[in-house]
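Hi,

Here is the structure I promised to pass on. Have a look at it first, and then read my notes below.

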Amino acid sequence: MTPGPDLQQLITTIKSDAGSDDELEQLGAAASTISELTSTGDAALGFFVDRARGAGKSWVEISAVLGVSKQAAHKRFADSWTSKPAFNRYTKRAMAVVKAAADVARGDNHDYIGTEHLLLAFYAEPESLGTKALLHHGITKERVRAAVDEVNPAEEPTDPPKTLDAERPPFTRRTAHVLQGAVGEALTLGHNYIGTEHLLLAFYRDSAGLATKILLAENFDETAAWTALRALLEEATK
């Protein structure tokens, strides 16, 4: 296993980042560095917990590896899936997709936002990397719409019509998992932002989600998604 920085290396790095011999400035740099390391570590651990869950591992197995009780592991990682996702690092296009998902749900007269609504919302941003990857593979909006309608079609209009809370949209558990899991995907790629490419990869964290089932049925598995997005990212940086 690759060792992390030892204490002396960490102290040296913090002093260098502080750029000053003042003890308080060094303390401030230390607090900022440790906070960032903690956040990154938590995100990395959550990433691998999500992977284990997506592979069908039980909370008993996961808790045994982590050395904590099943209840502690479940509380730390499972309960967070239903909390309100943090959007502070989402790009404008990624946020536009999230907002469009609410519009898709309303159009279907659904009072929740599922992964299928989120996948359909990608087509509201055709120039985004995630959507380009889908289209390059021949996965059009029409194909996704048809696949969604087979399993979860739009409901008949009601009086009054069903509504979504604009401030706190009712994401399903699996949708919240995707929105939060995109952070881990960005971490894997070394990005400090959350884009549509990270949202697309986050679908594969849960093979039981409707969006993921549709992607897999289109022969667009995680490996294919990674390959397509890497090519697009390389092209964008030329």
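A residue counts as buried here if its relative accessible area is under 20%. By that cut-off, F122 and F203 are both buried. Bear in mind that this is a predicted model.

Those two also form a ring pair: the centres of F122 and F203 are 5.9 Å apart and the planes sit at 45 degrees, so the pair is tilted. F122 is in the loop between α6 (115-121) and α7 (129-136), while F203 is in the loop between α10 (196-202) and α11 (210-217), so the pair ties together parts 81 residues apart in sequence.

How many aromatic pairs turn up in the whole structure? The search gives 3. One of them is F87 with Y90: the ring centres are 4.9 Å apart and the planes are at 90 degrees, which makes the pair edge-to-face because anything over 60 counts as that. Y90 is buried too, at 9% relative accessible area. Ring pairs also join F87, Y90 and F171 into a cluster.

Is S20 buried or exposed? With a relative accessibility of 19%, S20 counts as buried, because the cut-off is under 20%. A polar atom of the S20 side chain lies 3.0 Å from the backbone nitrogen of D22. Leaving aside residues up to four places away in sequence, S20 touches K15, E25 and Q26.

Cheers

Technical notes. Residues numbered from 1 in each chain as written. Predicted model: local features only at pLDDT ≥ 70, side-chain atom pairs only at ≥ 80, totals over all residues. Heavy atoms only, no water. Phe/Tyr/Trp six-rings, centres within 6.5 Å; stacked < 30°, edge-to-face > 60°. Buried < 20%, exposed > 50% of the residue type's maximum accessible area, 1.4 Å probe, protein only. Helix = DSSP H or I, 4+ residues; strand = E, 2+ residues; numbered from the N terminus. Polar contact = N/O pair within 3.5 Å; in protein donor to acceptor, adjacent residues only side chain to side chain. Contact = heavy atoms within 4.5 Å.
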